[in-house]
Amino acid sequence: MSKITTPIADFVKHYAADNISRLHMPAHKGNSLLGCEAFDITEINGADVLYSANGIIDESERNAAKLFGTAHTFYSTEGSTLAIKAMLALVKRNSKKKSKILAARNIHKAFIYACALLDFEVDWIYPDKPLHLCDCSLNPSELKRKLSSMSELPCALYVTSPTYLGEILDIKGLSEVCKEFGIYLLVDNAHGAYLAFERPSRHPIALGADMCCDSAHKTLPTLTGGAYLHISKSFTPFDKDDTRNMLSLFASTSPSYLTLQSLDLTNAYLANGFSEKLAAVEKKVDALKNELAALGFDSAGDESLKIVITRDSCSYSGIELASRLREHSVEPEYADLDALVLMISTETADVDFERIKSTFASIPARNASVACPPRILPCKQALSLREAIFSQSERINVKKAVGRICAAPSVSCPPAIPPIVSGELITAEAAELLLYYGIEEIDVIKL
Ligand SMILES: Cc1ncc(COP(=O)(O)O)c(C=O)c1O
């Protein structure tokens with residue numbers, strides 16, 4: 001790999017060292033309350049402008065594009081949440097079938113908001129035998145059947161892979177079907193930035209997706225908010241200015257230069273032996289998973305940087321396992337009744353692996369039968385997503401919400417997957433699902 005430049009971080013480092021009177025935002029003027037203020041600048045002369053970049057930001061993004069093998073990689077300092085909105089806006093602008101999109105139902109709520117803002121109608125694919133809200137398997141032959149049965153083709157297929165619980169879809173197979181039917185493939189790869197550095201790559205862009213978002217902050221050592229919008233060389237309508245316009249449609253005009261520097265430095269981190277570091281940590285995770293399995297705690301999913309333990313495999317709830325881990329100074333990524341999620345990275349230390357192992361070694365194996373969790377079922381769409389989100393609403397108890405129309409996707413993050421979607425009529429089963437995931441109040445359309 002040729003030497004990767006770090007132009008954003010270099011620029012800010014020099015600026016901070018030059019003792020300049022900062023008569024510009026931010027108001028801390030580089031004085032340190034936290035320790036990072038000297039590096040927190042705004043779009044001053046020479047620092048480029050994120051959504052019309054042609055200087056150091058564009059250079060840094062081109063470095064990222066080389067690393068990820070894309071036509072271009074755009075930075076977001078507002079997470080994948082922003083990249084998802086821009087991705088959908090680009091499809092809307094560049095497809096003749098402007099209003100319908102096909103999506104696997106385990107979407108993050110950012111997708112719902114994007115559809116409402118852009119007035120997309122969604123045709124949902126429901127999971128077959130889900131064990132969790134986060135599941136929605138979809139294989140190429142199921143997709144082919146679905147597309148063949150549709151009277152009007154959608155402009156794109158939108159899937160989440162990897163899922164919160166580490167399930168990875170057959171993106172290559174799905175992309176071949178999408179190409180056959182002439183629709184775009186968009187992937188929420190928020191959890192999978194690192195997949196580009198596995199050998200062979202399991203990143204959606206390498207496997208045929210037209211666009212995807214990656215939250216760099218989730219699996220690479222990037223500050224929170226740092227994310228990518230990747231555009232594939234296969235997305236022929238690609239235009240750099242047009243893409244920047246679609247990002248700026250939803251973005252703040254004050255991007256964080258701390259996050260931009262972090263994305264910039266991440267390029268250097270990725271170019272300097274990251275694949276090898278990743279392979280080494282994946283080996284350690286694999287060994288740990290085998291040790292946990294021998295103790296009665298099998299791991300689920302296809303991801304090599306996630307340890308996912310489900311209740312149906314070990315008879316313990318994720319919440320019980322999380323509280324045992326906290327007693328051993330381990331804070332999990334996520335826990336609910338049915339699953340525990342631990343996220344490892346190339347920065348995870350040996351002591352962290354040891355704590356995980358010693359916690360599970362202290363938990364006696366259990367073998368009780370476990371009831372299946374309730375599942376997401378199709379609900380009647382009484383209003384469009386857009387109408388529902390922009391209508392007057394009121395917050396009521398979920399137990400009184402049966403028969404009412406859902407206004408907002410009432411979910412917290414993580415995993416931010418709405419059990420019921422805006423505009424849908426709330427059934428007794430949907431109310432049961434909401435209560436199962438601890439959601440006791442819901443915003444419904446005002447009568
Ligand atoms: C599957 C999925 N997509 C999108 C997002 C949004 O990502 P970000 O927090 O980077 O905006 C998340 C965040 O948790 C997520 O889990």
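Predicted model: local features only at pLDDT ≥ 70, side-chain atom pairs only at ≥ 80, totals over all residues.

Student: How many bridges join β10 to β11?

Tutor: Strands of a sheet pair through backbone hydrogen bonds, either parallel or antiparallel. Here β10 and strand β11 (residues 339-343) run antiparallel and are joined by two bridges. Two strands pair if DSSP finds at least two bridges between them. Helices (H or I, at least four residues) and strands (E, at least two) are DSSP runs, numbered from the N terminus.

Student: What is the order of the strands in the open sheet?

Tutor: The order of its four strands is β8-β9-β11-β10, and the pairing is antiparallel. Because β8 (299-300) and β10 (334-335) stand at the edges with a single partner strand each, one side of each is left without a neighbour in the sheet.

Student: Which residues touch the most other members of the largest nonpolar core?

Tutor: In soluble globular proteins, nonpolar side chains tend to be buried together. A nonpolar core is a set of buried Ala, Val, Leu, Ile, Met, Phe, Trp, Tyr and Cys residues joined through side-chain atoms within 4.5 Å. Buried means under 20% relative accessible area, exposed over 50%, and partly exposed in between (1.4 Å probe, protein chains only). The largest core here has 91 residues, of which L88, I101, F111, Y158, L186 and F360 touch the most other members. Helix α3 (residues 79-93) gives the most to this core, with nine residues. Domain 1 (7-271) and domain 2 (275-361) both contribute residues, so the core lies between them; these bounds come from an automatic or database domain assignment.

Student: Which residues other than glycine have a positive phi?

Tutor: Most residues other than glycine have a negative phi, and most peptide bonds are trans. D119 has a positive phi of about 55 degrees, and for A416 the value is near 60 degrees.

Student: Are D119 and A416 buried or partly exposed?

Tutor: D119 is partly exposed, with a relative accessible area of 40%, whereas A416 is buried, at 0%.

Student: Where is a cis peptide bond found?

Tutor: One joins M25 and P26, with omega about -5 degrees.

How values were computed: Residues numbered from 1 in each chain as written. Heavy atoms only, no water.
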